[in-house]
Every structure is written in structure tokens, then in C-alpha cells.
Amino acid sequence: MQNERYGIRLAEVFIDRKVLQVVEKGFDFITEAPVPTVSEINIEPEFFAEIISYEEFEKVYESDIYSDNIDFPKNLDNKG
């Protein structure tokens, strides 16, 4: 995280393992506010965040399907 926690790139991984790259063309940041901490994100039952390495982020960001192991919380359903 740089720039006072404002996001510059984001990859969302859904329960069906699809990956979505979040892009805001023409803007320096993809968020209007600082990105919450992992603990703050995980308070919300419909979201799950974890810290990963730069290398893992790059691999995920450049893919369409997440192929590694991922343990989604049990409270998430398959409605994705």
C-alpha cells in the first residue's frame, strides 16, 4: 500500500474463482477513500481479505481464474 492507503490496482477474486481487475482509466487511484485494513474489510460478512505477497498479487492480477488454494470463510455462499 502506498499513497496513504489509496488503491492504485485491485484484483477481486470471487467464490467461483473468477478474477476481476478493477481499473479506473484516467485516474491515479481506483478508490475515492483510503483502502480499509484487512481487519476492517473482514468485519463485513460478504467480504474476505488477506495479505498476500507482491508476486502473488501480480500472478492473480494477470489471470482470469484464480488457480491456487483459497479458503473462503464458511459464511460465504455460492451466490458469488
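This short talk goes through the charged and aromatic side-chain contacts in one predicted model.

Some ground rules to begin with. Because the model is predicted, local features need pLDDT of at least 70 and side-chain atom pairs count only at pLDDT 80 or more, while totals for chains, interfaces and linings use all residues. Residues are numbered from 1 along each chain as its sequence is written, and side-chain values use heavy atoms, with hydrogens and water left out.

I'll take the salt bridges first. The term here means a side-chain nitrogen of Lys or Arg within 4 Å of a carboxyl oxygen of Asp or Glu. Searching the whole structure gives three salt bridges.

One of them joins E58 and R9, with the closest N and O atoms 2.2 Å apart. E58 is in helix α2, residues 54-61, and R9 is in the segment before β1, residues 10-13, so this pair ties together parts that are 49 residues apart in sequence.

How accessible are the two partners? E58 counts as buried, at 19% relative accessibility, and R9 counts as partly exposed, at 32%. The cut-offs are under 20% relative accessible area for buried, over 50% for exposed, and partly exposed in between, using a 1.4 Å probe and protein chains only.

R9 has another contact: its charged end sits over the ring of Y61, 4.6 Å from the ring centre. That requires NZ of Lys or CZ of Arg within 6 Å of the ring centre and within 35 degrees of the ring normal.

Next, K18 and D16 form a salt bridge at 3.8 Å, N to O. K18 is partly exposed at 48%, and D16 is partly exposed at 43%.

Then there is D68 with K59, where the closest N and O atoms are 3.2 Å apart. D68 is partly exposed at 28%, as K59 is at 47%.

Now the aromatics. The whole structure has two aromatic pairs. Among them is Y6 with F29, a tilted pair, 5.4 Å centre to centre with 45 degrees between the planes. Y6 lies in the segment before β1 and F29 in the loop between β2 (19-22) and α1 (38-41), so the pair ties together parts that are 23 residues apart in sequence. For the cut-offs, rings of Phe, Tyr and Trp (its six-membered ring) pair if their centres lie within 6.5 Å; planes under 30 degrees apart are stacked, over 60 edge-to-face, and the rest tilted. Y6 is partly exposed at 25%, and F29 is partly exposed at 33%.

Key
Helices (H or I, at least four residues) and strands (E, at least two) are DSSP runs, numbered from the N terminus.
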